[in-house]
Amino acid sequence: MAISRSVILKKASGTFANEFVLRQRNGKTVICKMPKPYPPKTANQLANQERFKKANNFAKAAIKDPAKKAHYKSIAKPGQSAFNAAFQDAYHKPEVTVSKQDQKIIIKTKGKHRIEKVKVGERFAVLKNEQWEYEFKQPGELLRILVYDVAGNICPVEIQT
């Protein structure tokens, strides 16, 4: 990238001979190489882009609802808006820890995510003292646990009873 001091090129912009591009940066004319096309996006990039769109749409809808906006404003960090907190909540899935105690499965989540429901197999866990509990009948069974948060994220976990 070169800065032009030429009177002829002052305030010029555009393509020159399909080899260079003239641009204006901070009131100066800059000569650059021609831009190259981006390579096609990978599956991970497309998935991340879709996740970003989903989080953005959730955050827009959340700040339109006064109750949700108040909740996200209350958990926002200093200098952070309710939109930013809602976006962050939707973009990041909650961290789920599952443990067994006697005939119970205890499901806990880390962070400020609000959990809507916890499905264990075909039934639902019950919220008790800020943790979800499920009583299982048959030991040795493989249970699939789905944790749903208010932003629409689903966290699957499997546990052997």
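## Helix packing

Helix α2 (residues 66–75) packs against helix α3 (residues 82–91) at an angle of about 90°, and their axes lie 8 Å apart. Helices here are DSSP runs of H or I with at least four residues, strands are runs of E with at least two, and both are numbered from the N terminus. Axes are lines fitted to C-alpha atoms, for helices over the stretch in contact, with angles from 0 to 180 degrees between N-to-C directions. α2 and α3 are therefore roughly perpendicular to each other; that label covers 65 to 115 degrees, with under 35 counted as roughly parallel, over 145 as roughly antiparallel and the rest as oblique. On the α2 side the contact (heavy atoms within 4.5 Å) involves Lys69, Tyr72, Lys73 and Ile75, which meet Ala82, Ala85, Ala86 and Asp89 of α3. These residues divide into five nonpolar, no polar and three charged. The nonpolar class holds Ala, Val, Leu, Ile, Met, Phe, Trp, Tyr, Cys and Pro, the charged class Asp, Glu, Lys and Arg, and the polar class the others, Gly among them.

Helix α1 (residues 43–64) and α2 cross at roughly 105°, and their axes come within 5 Å. α1 and α2 are therefore also roughly perpendicular to each other. Phe58, Ala62, Ile63 and Lys64 of α1 make the contact with Pro66, Lys68, Lys69 and Tyr72 of α2. By class, the contact of α1 with α2 has five nonpolar, no polar and three charged residues.

## Model and conventions

This is a predicted model, in which local features need pLDDT of at least 70 and side-chain atom pairs count only at pLDDT 80 or more, while totals for chains, interfaces and linings use all residues. Residues are numbered from 1 along each chain as its sequence is written, and side-chain values use heavy atoms, with hydrogens and water left out.

## Strands

Four strands form an open sheet in the order β5-β6-β10-β9, with antiparallel pairing; strands pair if DSSP finds at least two bridges between them. β5 (95–101) and β9 (126–128) stand at the edges with a single partner strand each, so one side of each is left without a neighbour in the sheet. On average, neighbouring strands of this sheet are turned by 30° against each other, direction ignored. β5 is joined to the antiparallel strand β6 (residues 104–110) by seven bridges. Within this pairing, lysine 100 has isoleucine 105 of β6 as its bridge partner.

Strands β11 (residues 142–149) and β12 (residues 154–160) run antiparallel and are joined by seven bridges. Isoleucine 145 has valine 157 in β12 as its bridge partner. The two strands form a hairpin with four residues between them, and glycine 152 in the turn has a positive phi of about 95°.

## Pockets

The largest pocket holds about 250 Å³ of space. On a 1 Å grid over the protein atoms alone, a pocket is an open set of points where a 1.4 Å probe fits, with protein on both sides within 12 Å along at least five of seven lines, and lining residues have an atom within 4 Å of a point. Points are joined across faces, edges and corners, and the volume is the space filled by probe spheres set on them. Of the 14 lining residues, Gln88, Asp89, Gly111, Lys112 and His113 are the closest to the centre of the largest pocket. α3 gives the largest share of this lining, three residues. The lining divides into three nonpolar, five polar and six charged residues.

The second largest pocket holds about 200 Å³. Its lining includes Ile107, Lys108, Thr109, Leu127 and Trp132. β6 and β10 (131–135) are the elements that give two or more residues to this lining, and β6 has the largest share, three residues. By class, the lining of the second largest pocket has four nonpolar, four polar and three charged residues.
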